[in-house]
Amino acid sequence: MSLTWFDAHCHFDFSALDQYRDADWSLAHSMGLSGIIIPGVSRQQSACLPEFVQRHPYCHRAVGLHPYWCEQHRDADIDWLDAHLHHNADKGSVVAIGECGMDRHLIKSQGISWDEQWHWCMAQIELAERHKKPLILHIRGAHDEVAAELKRRRFAYGGLVHAFSGSLQQGLRWHELGFALGVGGAMTHPGATRLRKTLSDLPLESLLLETDSPDMRPAFIQRAENSPVMIPLYGALLASIKDHSLTEISAVTQQNLYRIFPSLTVN
Ligand SMILES: [Zn+2]
C-alpha cells in the first residue's frame with residue numbers, strides 16, 4: 001500500500017532552494033508527498049506567493065509577517081494582509097495566517113524587543129480572528145505567554161505551532177487550544193532525547209510533520225539545505241519513537257492536517 005505524506009511547514013519558495021526545487025519535489029512526490037504549506041514571512045514575500053503557487057500547484061500558501069523580519073514590517077502591511085484576505089476569501093486559497101509569533105532569542109541576537117514582536121503577533125492573531133483562519137506560529141521561549149493570550153481571547157481557529165520543542169505540559173496545552181505541533185529535523189539529533197520522550201508521550205492526534213526547509217537540517221544529511229524529501233523519513237522515525245505502524249502515522253497525520261487547515265479540503 002502506498003502512503004501519503006505532507007510537509008506542513010516548508011519555505012519552498014526561498015532562493016536557497018532554487019537549484020534543488022524541481023529535483024527535490026519529484027523525489028519527494030515519488031515517495032508519497034502530496035503537498036506543502038508555504039508560510040508568509042513578509043508582505044513582499046506574501047505578495048509573491050500567489051504566482052509561485054500557480055507555478056507549483058502542489059504548494060499551498062499562508063500570508064504573514066515573521067518575527068525575524070520585524071525591521072521590514074509596517075502597520076500598512078497589516079492593512080495589506082487584511083485586504084488580501086478579503087479579496088481571496090471565496091477561493092480558500094490562503095490556508096492560514098503566519099508565520100507569526102514570538103522568539104525570545106531575537107531580543108539578544110538581533111535587538112528586536114519583546115514589545116515589538118508582540119505588536120506584530122497580536123495584529124496577526126486579530127487578523128486570524130477576523131478572517132476565521134488558523135495560525136502558523138513560530139514560538140521560541142514564549143509558549144506560556146502566547147498560549148495564555150490565545151486562551152484569554154478564546155481563539156477558536158487553532159493552527160500549527162511549528163518546530164515544537166517545548167515540554168509535554170506545553171504541548172498538551174497547545175493541543176487543548178486546538179493547535180497541532182510541528183515535528184521535524186530537531187527530533188533526529190542524537191542529543192534530542194528529551195524531545196523524543198515528549199513526542200512519545202504526546203497524542204499522535206496533536207502532531208504534524210514538517211521540514212521548515214531550507215532550515216532545520218536533520219542529523220543525517222550532508223547538504224546544507226533541508227528538503228521536503230525528509231518527510232517520509234521523519235514519518236518512519238516518528239513511527240519508531242511512538243511504536244506505531246508507518247501506516248498509522250501517515251493516516252493520522254493526514255487527518256490532523258485537514259482538521260487544522262480545513263481550507264486544504266476545498267483547494
Ligand atoms: Zn518557518
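**Exercise 1. Find the loop that holds Lys-132, then say whether Lys-132 is buried or exposed.**

Step 1. Lys-132 lies in the loop between helix 5 and strand 5 (135–140). Helices (H or I, at least four residues) and strands (E, at least two) are DSSP runs, numbered from the N terminus. This is a predicted model: local features need pLDDT of at least 70, side-chain atom pairs count only at pLDDT 80 or more, and totals for chains, interfaces and linings use all residues. Residues are numbered from 1 along each chain as its sequence is written.

Step 2. Count neighbours. Lys-132 has 12 other C-beta atoms within 10 Å, so Lys-132 is exposed. The cut-offs: buried means 20 or more other C-beta atoms within 10 Å of the residue's own, exposed means 12 or fewer, partly exposed is in between, and C-beta atoms are placed from the backbone.

Step 3. Check the backbone. Lys-132 is not a glycine, yet its phi is positive, about 55 degrees. Most residues other than glycine have a negative phi.

**Exercise 2. Describe the loop between strand 8 and helix 9 at Pro-214 and Met-216.**

Step 1. The peptide bond from Ser-213 to Pro-214 is cis, with omega near 5 degrees. Most peptide bonds are trans.

Step 2. Turn to Met-216, in the loop between strand 8 and helix 9. Its phi is positive, near 55 degrees. Met-216 has 19 C-beta neighbours inside 10 Å, so it counts as partly exposed.

**Exercise 3. Work out how helix 3 and helix 5 are arranged.**

Step 1. Take the axes of helix 3 (residues 75–87) and helix 5 (residues 114–131). They come within 11 Å and cross at roughly 15 degrees. Axes are lines fitted to C-alpha atoms, for helices over the stretch in contact; angles run from 0 to 180 degrees between N-to-C directions.

Step 2. Name the arrangement. Helix 3 and helix 5 are therefore roughly parallel to each other. Angles under 35 degrees count as roughly parallel, over 145 as roughly antiparallel, 65 to 115 as roughly perpendicular and the rest as oblique.

Step 3. List the contacts (C-beta atoms, placed from the backbone, within 7 Å). From helix 3, Ile-78, Leu-81, Asp-82 and Leu-85 meet Ala-123, Leu-127 and His-131 of helix 5.

**Exercise 4. Which residues does Val-183 touch?**

Step 1. Leave out residues up to four places away in sequence.

Step 2. Read off the partners: Phe-164, Leu-199, Leu-207, Leu-208, Leu-209, Glu-210, Tyr-234 and Leu-238.

Technical notes:
Two residues are in contact if their C-beta atoms, placed from the backbone, lie within 7 Å.
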